[in-house]
Amino acid sequence: MITRIIDWLTPSQKVGQIIQADIASVAPDDVATYHLGAVLNGGNSAPKGNQRASHADWLDLADAYWTASMRADGPRIPVLWGTDAVHGHNNLVGATIFPHNVGLGATGDADLVERIGAATAREVRATGMDWTFAPTVAVARDGRWGRTYEAYGESPELVAELGAALVRGLQGVPGERPFLGSDKIIATAKHFIGDGGTRAGKDQGETVATEAEMRDVHATGYYSALDAGVQTIMASFSSWGGRKMHGHQAFLTDLLKTHWGFDGVVVGDWNGHGQIVGTSPTDCPDALMAGLDMYMAPESWKGLHVSLLRHLESGRISVERLDDAVRRILRLKFRAGLCSQPMPSERPHSAKTGVVGCKAHTELAAEAVRKSAVLLKNANQTLPLQSPQHILVTGQAADDLGMQCGGWSLSWQGGNLEHMDYPQAETLLSGIRRVAVKRGSKVSYARDGQFGTKPDLAIHVFGEAPYAEFRGDLSTLDFQPANSEGLDILKRLQGADIPIVCIFLSGRPLWVNPALNASDAFVAAFLPGTQAGALADLLFATDGTSDHDFTGKLSFSWPEHADQYDLNVGSQPYTPLFPYGFGLSLKDNGNLRILHENRRPFKPDHGTIFAHGTAGGGWSIQLDGASRPASWQGGTERSPSGAVELKAADLGQQENAIEIIWTDARVAPVIFSHEPLDLTRETNAGFCFTLTTSKYAVISHDPMLSIHSGAGRTEVGCLSRLGSHMCAGMTLTFEIPLRTLAEAGVDMSHFEGIELSARAPVRLTLSRLALVMPNG
């Protein structure tokens with residue numbers, strides 16, 4: 001049957017089958033016209049651009065794409081829809097958001113992970129999708145990596161066990177009747193291969209590993225995933241031996257397909273093929289010839305279709321390789337039963353109501369939260385908490401859904417969640433109140449730790465702000481190298497002789513020695529998801545005993561120093577603060593020695609250029625005529641040439657802005673500069689520069705925006721005519737896509753600074769200049 005279909009297909013239709021486009025850039029009619037094999041919704045894509053679209057909207061769009069694929073001329077081949085359901089159906093309002101993999105690794109419970117996979121599959125099916133890009137089977141070797149929380153741990157054996165369990169939960173067990181049944185979806189093992197071992201933990205970087213390490217460490221999760229019947233494998237953005245994995249024939253074809261016998265589909269990552277040397281997102285025959293079967297070409301799909309067809313006609317792409325890729329895609333669709341199923345809304349499990357966020361799934365998520373929490377300190381058996389007590393809860397994270405869910409939660413980078421987004425969710429504060437009231441205790445909440453009546457005990461909840469992928473890359477494992485706000489709260493409570501329980505939300509172990517010293521009990525809760533409140537069940541005692549006990553064990557070694565980057569069990573030297581597998585129960589001696597609080601030098605994140613009245617870490621401001629840049633220290637500063645002046649200004653808050661005053665008839669520059677940065681990844685991912693100014697800033701004259709890079713100084717255009725702008729109260733925010741700068745000739749691999757230049761009379765009040773996702 002498959003051979004017959006391939007014989008029927010025209011070259012253009014074959015090329016269409018090996019392309020996957022993002023729903024933000026492809027209409028149902030495009031699916032029909034180009035015979036596209038698949039669509040996906042990227043982390044920020046949703047029906048009609050509405051991140052909070054209803055379940056019905058998602059299902060309607062799934063129907064539209066399916067119907068379009070089935071009315072195309074020639075063989076009717078149903079389109080596949082893939083989504084990043086990496087800890088539940090996380091892009092969907094009301095879904096059950098489970099702990100991220102770093103937390104599931106701490107459970108060490110393969111049965112639990114398999115049940116989570118099955119629940120996720122049911123919720124994805126309910127909205128008409130067929131395929132998830134999970135599990136990540138990376139073995140994370142450096143906690144600075146921004147995707148550490150997507151890994152189950154640093155142990156290849158643990159990653160292999162839990163990765164296979166999720167595959168079984170999502171797809172079913174090969175050879176058994178439910179395999180890829182109506183309540184199952186296609187799984188993806190990713191990112192092939194070595195993404196967890198890049199130099200300095202840099203996402204999409206060069207994997208530093210010998211062939212033996214690639215085989216014994218980074219390949220282990222793929223052995224088990226293949227045994228579990230995984231049907232797709234995603235190529236990594238990373239490289240090995242200087243060659244990008246999307247174009248690495250030795251791995252994609254020789255090892256994976258020929259040696260291991262994988263007969264499924266190798267899919268690309270978001271325009272990852274365009275990172276191969278000598279190619280672009282719209283022109284890359286190399287990836288197909290290296291062994292990629294399906295290009296993930298979110299917005300570049302149309303140009304890619306044209307160029308692939310051209311390369312097929314010229315012989316650069318062989319008919320045999322193209323037919324093999326199409327055969328694999330068709331085989332996958334037949335195996336998944338798509339060729340015999342009706343439209344998504346008429347399939348058995350999509351018609352069921354109440355599946356998404358149902359009670360059974362919520363209870364499963366709560367179980368996972370309780371099993372994933374790791375007790376690191378419990379001095380003098382502070383826990384379990386006795387009752388009745390007056391408990392003060394502090395910290396933003398106590399009542400912040402975004403922080404407890406992390407990245408890949410409704411949006412790509414996560415954050416900015418409201419209770420209505422996940423009505424069944426329970427924050428830690430809500431959970432503490434729920435349990436405490438039953439125990440006869442009183443709970444009050446003060447984010448800043450202030451109180452009138454002295455409490456008997458404080459629970460401080462703190463942690464990382466949400467992030468995803470390379471935006472989470474770090475230069476140090478120091479949790480807050482430049483911010484002591486949370487520690488100040490702990491010191492104040494400690495000074496008042498109040499016992500403190502710390503709950504830490506993070507995507508990885510981090511250096512938190514000061515917080516460990518200040519606390520009486522310390523819990524690593526990682527990123528627990530929508531049911532974080534279930535952790536409260538572990539904190540309280542009933543009649544002197546706890547209803548539950550801590551069973552979580554670290555799946556990553558915990559650092560004693562902020563620069564212990566290569567800290568993995570089995571490596572030498574191995575001197576962690578808490579070793580791999582560590583985790584206290586309530587019965588254990590939980591005392592901990594006083595730890596050193598010596599911070600190590602670090603390189604701060606480059607994303608915030610100017611905010612809160614100061615230049616961001618690593619950024620400086622150079623005025624016209626100055627011989628070198630200087631850090632802005634506030635107050636008033638005039639350029640040596642006298643043509644421009646900087647003054648501290650108020651824009652909604654006291655001295656949170658800088659006023660740039662051009663006082664001369666000749667043009668004068670103000671440059672925000674940095675050591676050369678490689679922003680190619682941010683450019684490919686759709687990042688923007690945003691400038692927030694007074695909305696009256698550019699009435700008298702329009703400043704010119706220029707960029708300094710390896711290509712020299714590039715004039716991009718007048719500020720008000722670049723990108724888009726939005727008014728909000730007193731401010732006007734300009735949003736300038738990095739892609740616009742690249743198209744203007746800026747060398748984004750060697751980015752050095754942003755220049756604003758104008759001539760008198762101009763006053764520009766700037767409160768924020770940053771590198772962000774659109775509308776982020």
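Reply: **A helix pair and its setting**

Helix α8 (residues 211-218) packs against α9 at an angle of about 45°, and the two axes are 5 Å apart. The model is a predicted one, in which local features need pLDDT of at least 70 and side-chain atom pairs pLDDT 80 or more, whereas totals for chains, interfaces and linings use all residues. Residues are numbered from 1 along each chain as its sequence is written, and side-chain values use heavy atoms, with hydrogens and water left out.

Helices (H or I, at least four residues) and strands (E, at least two) are DSSP runs numbered from the N terminus. Axes are lines fitted to C-alpha atoms, for helices over the stretch in contact, and angles run from 0 to 180 degrees between N-to-C directions. α8 and α9 are therefore oblique to each other; angles under 35 degrees count as roughly parallel, over 145 as roughly antiparallel, 65 to 115 as roughly perpendicular and the rest as oblique. In the contact (heavy atoms within 4.5 Å), α8 contributes R215, D216, V217 and H218, while α9 contributes T220, Y222 and Y223. These residues divide into three nonpolar, two polar and two charged. Here Ala, Val, Leu, Ile, Met, Phe, Trp, Tyr, Cys and Pro are nonpolar, Asp, Glu, Lys and Arg charged, and the others, Gly among them, polar.

Helix α9 (residues 220-227) lies across β5 and β6 and runs at about 160° to β5. The sheet is open and has three strands in the order β5-β6-β9, paired in parallel. At its edges are β5 (188-192) and β9 (265-267), each of which pairs on one side only. From one strand to the next, the twist averages 25°. Two strands pair if DSSP finds at least two bridges between them; β5 and β6 (residues 232-235) are joined in the parallel sense over four. Within that pairing, A189 stands opposite I233 of β6. N271 counts as buried because its relative accessibility is 4%; the cut-offs are under 20% relative accessible area for buried, over 50% for exposed and in between for partly exposed (1.4 Å probe, protein chains only).

β15 (residues 500-505) and β16 (residues 521-524) pair in the parallel sense over four bridges, and V501 has A521 of β16 as its bridge partner. In the loop between β11 and β12 lies P388; the peptide bond from S387 to P388 is cis, with omega near -5°.

Strand β1 is covered on both faces, with I19 and A21 buried on one side and Q20 and D22 on the other. β1 pairs with β10 in the parallel sense over two bridges, and Q20 stands opposite M296 of β10. Three bridges join β1 to β2, again in parallel, and in β2 the bridge partner of Q20 is A38. In the loop between α3 and β2 (38-41) is H35, a residue other than glycine with a positive phi near 55°. H35 is buried because its relative accessible area is 12%.

β1 (19-22) also takes part in covering the buried residues of α12, along with elements including α2 (11-17), α3 (28-34), α11 (285-290), β10 (295-296) and α13 (319-335). Those buried residues are W301, L304, H305, S307, L308, L309, H311 and L312. The end C-alpha atoms of α12 (residues 301-314) are 20 Å apart, which agrees with the 20 Å that its 14 residues should span at 1.5 Å a residue; the expected span is 1.5 Å times one less than the number of residues. After α12 comes G315, with a positive phi near 95°.
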